[in-house]
Amino acid sequence: MPGKTLYDKLWDAHLVKQRDDGSALIYIDRQLLHEVTSPQAFEGLRLAGRKPWRVDANLATPDHNVPTTERSSGVSGIEDPVSRIQVQTLDENCDEFGIVEFKMLDKRQGIVHVIGPEQGATLPGMTIVCGDSHTSTHGAFAALAHGIGTSEVEHVLATQCLVQKKMKNLLIKVNGTLQPGVYAKDIILAVIGEIGTAGGTGYAMEFAGEAIESLSMEGRMTICNMAIEAGARAGLVAVDDKTIEYVKGRPYAPEGENWERAVAAWQDLKSDDDAVFDKVVEIDGSSIAPQVTWGTSPEMVISIDSNVPNPQNSTDAQGSEGIQRALDYMGLSADMSVKDIKLDRVFIGSCTNSRIEDLREAAAIVKGRKVAATLKQALVVPGSGLVKEQAEREGLDKVFIEAGLEWREPGCSMCLAMNADKLGQGEHCASTSNRNFEGRQGFGGRTHLVSPAMAAAAAVFGHFVDVRDLV
Amino acid sequence: MKKFVTETGVVAPMDRANVDTDMIIPKQFLKSIKRSGFGPNLFDELRYLDEGKPDQDCSNRPLNPDFVLNQPRYQGASILLARRNFGCGSSREHAPWALDDYGFRAVIAPSFADIFFNNCFKNGILPIVLEEEVVDSLFAETFASEGYQLTVNLERKVVVKPDGTEYAFDVDEFRQHCLLNGLDEIGVTLEDAEAIKEYEEKRREAAPWLFLGVR
Ligand code: SF4
């Protein structure tokens with residue numbers, strides 16, 4: 001018998017019942033909840049007269065709709081009534097069912113995918129779900145984590161289980177050492193550029209290899225966060241000393257004897273040497289350059305030192321049409337250098353890149369420099385109240401403010417523009433978020449996905465530059 | 001989900017074909033964070049003379065006296081009699097939510113739109129397909145006698161008229177089972193509650209740290 005992959009192990013450990021039709025009941029250890037996808041799930045519970053199966057398996061926080069400007073007046077200060085009602089409803093539902101929620105004025109509030117790991121609510125070996133596709137983030141801890149729909153949120157609340165079919169195994173091996181100025185974000189963008197946005201569809205995607213091992217936990221979270229952008233609902237990285245070191249001492253992490261036992265068990269959370277993957281993709285990490293997306297899908301990505309594609313050079317007709325449509329939407333011309341794209345705004349934040357390490361990388365670039373006068377706005381939005389606090393202890397807020405960037409309160413912010421932070425029509429934004437779809441950051445807005453260091457450098461110059469020249 | 005075994009109730013006739021989901025519940029009500037409370041807005045545009053807004057108290061709105069559900073004789077109806085292609089349009093689950101909230105338990109029509117048909121089962125409403133001629137005759141009888149009632153027996157899969165005449169209908173066995181027992185997908189999973197508890201017990205012993213909980 002061949003060995004097992006990490007995904008196989010996690011699946012087997014959570015299998016409650018295998019059904020005849022190929023589906024299975026999988027036990028869920030942790031559910032994260034936010035205001036947008038949970039209201040009807042709670043309502044469903046209430047209508048059916050059901051109670052949560054395990055109240056303390058859930059953790060909630062509002063993130064998508066919260067304003068990132070001064071907000072001491074709390075929920076009642078949210079101007080948009082629809083947003084306000086959603087946040088209020090989350091508060092009421094959590095109060096009613098006894099679910100722990102980090103409310104708007106709690107300093108632990110933040111983006112769900114930032115607070116889970118930060119609190120130790122995300123642990124190695126868990127199954128983790130949330131009504132949000134970027135739940136894949138938590139796979140950085142060797143946890144089986146993926147997004148679900150509202151009816152499934154209700155299903156997990158009521159039964160602590162999910163009906164699932166097993167996925168296939170995909171291994172992405174990133175070999176070699178990254179160049180200085182190249183980060184986790186560049187790796188995952190390069191991977192998506194290589195395999196495409198459907199390359200991981202139907203797979204659990206494990207990341208391994210020297211370049212992954214050398215990343216911090218923050219970097220691994222950035223990688224797993226965007227597994228979904230490559231089509232894989234779940235991303236995974238094996239446990240190592242960094243994982244254990246990160247989890248240790250977090251508020252919800254085990255202690256004492258429980259900790260010792262857990263650490264012993266976590267040593268096995270890696271794919272066996274003789275495990276068989278359905279597909280393996282190898283990438284040379286040392287040849288990855290800083291990446292910039294030019295189009296309207298994360299796979300429309302190029303290196304900082306190359307030019308925007310020309311539809312005439314595309315071999316298949318559909319490709320050339322797609323390139324032309326994207327160029328039109330983005331207001332770019334074929335063959336132009338990415339460095340010549342004029343930027344209007346810069347956004348440093350989102351569940352992809354709003355952790356302390358991301359902010360440090362960005363601050364290191366802008367330190368002692370000034371934001372370009374041509375920019376309308378450069379926003380820094382920390383992922384949680386605790387990230388904000390930590391950054392302020394390190395003086396990063398001052399570095400940003402002195403350079404002319406705005407220092408905001410935590411939330412999803414301009415990642416999806418559900419609050420007041422949006423792009424205007426036709427505006428170009430260097431963004432550290434994860435989706436560059438049409439209108440994602442505001443109606444008619446044009447998003448370029450980059451690493452925090454690249455975004456910071458773009459803020460200083462008003463256009464993209466090769467951050468390798470600055471570090 | 002509510003059980004459905006048999007239902008005897010007043011029949012309300014919705015005498016038009018291609019009733020779409022926008023008609024059943026207009027789009028301005030989709031912003032709601034709820035899935036209950038749509039009853040007062042069921043058929044909103046047909047039912048009231050003014051334009052409906054979300055979160056509005058409907059009790060003082062001007063009613064359209066010509067609309068069937070506003071007629072005293074159909075108050076308290078639990079069976080909706082409809083024409084072909086009922087529920088066409090979008091996939092919004094708000095449509096069955098609104099019908100359910102209003103008090104309908106079954107809809108009888110010669111045909112239904114696919115997605116709506118499926119959504120009904122998920123929400124405890126029984127959609128019944130009968131021959132066009134049968135539906136015609138039911139419409140005639142409903143109009144003819146005030147307080148006209150039908151009985152729907154899901155166990156035997158028949159619609160029974162007041163004179164005892166029965167019409168058989170088809171329903172998928174699994175769906176019949178779910179409705180008879182009040183099981184939605186959650187309900188089906190809860191049939192395995194023992195297996196879930198057993199799993200938890202074993203797991204709690206092997207990995208107690210997974211059960212520390214968020215407090
Ligand atoms: S930061 Fe963006 S991608 Fe992440 S959860 Fe919020 S909206 Fe979704």
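## Chain B and its salt bridges

At 37% relative accessibility, B:Asp136 counts as partly exposed. This is a predicted model. B:Asp136 pairs with B:Arg83 in a salt bridge, with 2.7 Å between the closest N and O atoms. The two residues sit 53 positions apart and link distant parts of the chain. B:Arg83 lies in the loop between β2 (79–82) and α3 (94–102), while B:Asp136 belongs to helix α5 (residues 132–144). B:Arg83 is buried, because its relative accessibility of 17% falls under the 20% limit.

**Chain B overall**

Chain B has eight helices and seven strands. Its C-alpha atoms fill a box of roughly 70 × 40 × 25 Å along the principal axes. The chain has 215 residues, and 53% of them count as buried. Among contacts with a separation of 6 or more, 64% are between residues 24 or more positions apart. The accessible surface is about 10100 Å², and carbon and sulfur atoms hold 47% of that. Chain B carries 25 positive and 36 negative side chains. The centres of these two sets lie 5 Å apart.

**The interface with chain A**

Chain B gives 35 residues to the contact and chain A gives 46. Together the two chains bury about 3400 Å², with 61% of it on carbon and sulfur atoms. On the chain B side, B:Ile33, B:Trp209 and B:Val214 lose the most area, together 24% of what that side buries.

Four salt bridges cross this interface. B:Asp192 takes part in a salt bridge with A:Lys17 and in another with A:Arg19. A:Lys17 is in strand β1 (residues 15–18) of chain A, and B:Asp192 is in the loop between α7 (185–190) and α8 (193–206) of chain B, so this pair joins two chains. B:Asp192 is buried at 11% relative accessibility, whereas A:Lys17 is partly exposed at 33%.

**Salt bridges compared**

Side chains of opposite charge can pair when their charged atoms come close. Over all chains, the structure holds 37 salt bridges.

| Positive residue | Negative residue | Closest N and O atoms |
| B:Arg83 | B:Asp136 | 2.7 Å |
| A:Lys17 | B:Asp192 | 2.8 Å |
| A:Lys103 | A:Asp95 | 2.9 Å |
| A:Arg19 | B:Asp192 | 3.7 Å |

Within chain A, A:Asp95 is exposed, with a relative accessible area of 51%. Its partner A:Lys103 is partly exposed at 29% relative accessibility. A network of salt bridges also links A:Asp344, A:Arg345, A:Lys376 and A:Glu427.

Note on methods:
Residues numbered from 1 in each chain as written. Chains lettered and ligands numbered in written order. Predicted model: local features only at pLDDT ≥ 70, side-chain atom pairs only at ≥ 80, totals over all residues. Heavy atoms only, no water. Helix = DSSP H or I, 4+ residues; strand = E, 2+ residues; numbered from the N terminus. Buried < 20%, exposed > 50% of the residue type's maximum accessible area, 1.4 Å probe, protein only. Contact = heavy atoms within 4.5 Å. Areas by Shrake-Rupley, 256 points an atom, 1.4 Å probe, with all protein chains shown as cover. Lys, Arg positive; Asp, Glu negative; His and termini not counted. Charge placed at Lys NZ, Arg CZ, Asp CG, Glu CD. Buried area = accessible area lost by both parts, 1.4 Å probe. Salt bridge = Lys/Arg side-chain N within 4 Å of Asp/Glu carboxyl O.
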